[in-house]
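Here is a walk through one chain, from its overall makeup down to a single residue. Keep the sequence and the model side by side.

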Amino acid sequence: MSRIIFILVLLVVGYLLLKSWQRRKQLNNQRRDEPSSGKIKNQQHIVSCQQCGLHIPENEAVQHGGKFFCSLDHAQQAQLTNRSTPKR
Ligand SMILES: [Zn+2]
């Protein structure tokens with residue numbers, strides 16, 4: 001009978017060790033994910049210029065009025081075309 005209890009205790013201890021080992025592994029994976037998530041940030045959203053339709057990464061785009069442009073020139077051009085619309 002004591003043998004069965006011994007085996008049960010071994011199983012429980014083994015189970016707990018396995019669990020803590022898995023938790024450590026998960027923590028390690030999370031730590032590894034942090035630098036990789038930085039890589040994902042580098043591959044940012046691709047946005048298209050509202051003026052010419054050119055596709056550019058969001059961090060290189062010029063944002064103006066909630067719209068994206070490939071360059072300041074195009075942002076200004078879009079602004080000018082908006083201004084030139086006749087007021088009635
Ligand atoms: Zn453009």
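**From chain to core**

Of the chain's 88 residues, 7% count as buried. A residue is buried if 20 or more other C-beta atoms lie within 10 Å of its own, exposed if 12 or fewer, and partly exposed in between, with C-beta atoms placed from the backbone. The model is predicted: local features need pLDDT of at least 70, side-chain atom pairs count only at pLDDT 80 or more, and totals for chains, interfaces and linings use all residues. Numbering starts from 1 along each chain as its sequence is written.

The chain has two helices and four strands. Their order along the sequence is α-β-β-β-β-α. Helices (H or I, at least four residues) and strands (E, at least two) are DSSP runs, numbered from the N terminus.

Now look at contacts, meaning pairs whose C-beta atoms, placed from the backbone, lie within 7 Å. Take those between residues at least 6 apart in sequence: 9% of them join residues at least 24 apart.

The largest nonpolar core has five residues: Ala61, Phe68, Phe69, Cys70 and Ala75. Such a core is a set of buried Ala, Val, Leu, Ile, Met, Phe, Trp, Tyr and Cys residues joined through C-beta atoms within 7 Å. In soluble globular proteins, nonpolar side chains tend to be buried together.

Start with Ala61. It sits in the loop between strand 2 (55–57) and strand 3 (62–64). Ala61 counts as buried because 24 other C-beta atoms lie within 10 Å. Beyond its neighbours within four places in sequence, Ala61 contacts Val47, Ile56, Phe68, Phe69 and Cys70. Val47 and Ala61 are 14 residues apart in sequence, and 7.6 Å apart from C-alpha to C-alpha.

Finish at Ala75. Not counting residues up to four places away in sequence, Ala75 touches Val62, His64 and Phe69.

Conventions. Two residues are in contact if their C-beta atoms, placed from the backbone, lie within 7 Å.
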